[in-house]
Amino acid sequence: MFTSKANSIFQDVIKTYHIKNTVDQPFTNIYDKSTNLLEHLLYRKCWIDTVQWHYEDIIRDPQIDPVAALKLKRQIDASNQDRTDMVEYIDSYFLEEYKHITPKQNATINTESPAWGIDRLSILALKIYHMNEEATRRDASESHRNACQKKLDILLEQRVDLSTAIDTLLNDIKKGDKYMKVYKQMKMYNDDELNPVLRSQK
């Protein structure tokens with residue numbers, strides 16, 4: 001199943017990040033895009049999510065310097081754009097993969113594209129990793145660990161359900177029971193023609 005591969009890649013990314021555990025570390029994609037394009041995209045996607053997860057931790061420091069916070073906010077904005085771009089790249093991969101499939105006459109569209117489901121799966125991998133840290137943290141109270149273990153159990157169940165749903169969607173597209181229709185993100189706040197604040201600075 002596709003999601004078995006995706007979940008394995010996401011876990012590898014998160015473990016690799018936490019060896020150095022710093023948002024400033026260099027990124028190396030272990031998959032060559034010319035030979036393993038999908039794996040390359042998944043690895044990059046989860047790395048972006050992992051770095052952003054830690055950006056979000058840092059910016060919530062109540063003692064953060066305001067200048068540093070503004071710089072970090074810009075980094076988060078850029079990361080969000082990278083994240084969206086990667087989702088679209090992954091959807092483009094699947095559009096190419098299934099371009100020869102003719103949808104059945106009664107085929108239906110899904111509420112989200114495969115890549116947006118994969119986006120949720122990548123974030124879920126991060127939630128599971130960090131909730132497991134809390135559930136096993138030795139300096140935490142037993143009640144804290146128990147509460148986090150219950151949350152972890154739910155997250156693990158959620159991963160099974162989400163993985164099943166993504167695999168089912170991809171299989172339905174392959175069979176012609178579903179069809180893909182991808183809408184590019186039309187974010188306005190980064191566009192100096194669409195954002196009135198940016199437009200006024202021109």
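Predicted model: local features only at pLDDT ≥ 70, side-chain atom pairs only at ≥ 80, totals over all residues.
**View 1. The whole protein and its order of elements.** The protein contains 6 helices and 2 strands, which follow one another along the sequence in the pattern α-α-α-β-α-α-β-α. Its C-alpha atoms fill a box of roughly 60 × 55 × 30 Å along the principal axes, and 37% of the 202 residues count as buried.

**View 2. The largest nonpolar core.** This core has 42 residues, and those with the most contacts inside it are Phe-2, Phe-10, Leu-42, Ile-90, Phe-94, Ile-118 and Ile-166. The elements that each give two or more residues to the core are α1, α2, α3 (66-97), α4 (114-135) and α5 (142-175).

**View 3. The surroundings of Phe-94.** Setting aside residues up to four places away in sequence, Phe-94 touches Phe-2, Leu-38, Pro-114, Ile-118, Leu-170 and Met-180.

**View 4. Thr-3 in helix α1.** Thr-3 belongs to helix α1 and counts as buried because its relative accessibility is 3%, under the cut-off of 20%. Apart from neighbours within four places in sequence, Thr-3 is in contact with Leu-121, Ser-163, Ile-166 and Asp-167.

**View 5. Asn-21 in a loop.** Asn-21 lies in the loop between α1 (2-20) and α2 (37-59), where this residue has a positive phi of about 55° although it is not a glycine. Asn-21 counts as partly exposed because its relative accessibility is 43%, which falls between the cut-offs of 20% and 50%.

Conventions:
Residues numbered from 1 in each chain as written. Heavy atoms only, no water. Helix = DSSP H or I, 4+ residues; strand = E, 2+ residues; numbered from the N terminus. Buried < 20%, exposed > 50% of the residue type's maximum accessible area, 1.4 Å probe, protein only. Core = buried A, V, L, I, M, F, W, Y, C linked by side-chain atoms within 4.5 Å. Contact = heavy atoms within 4.5 Å.
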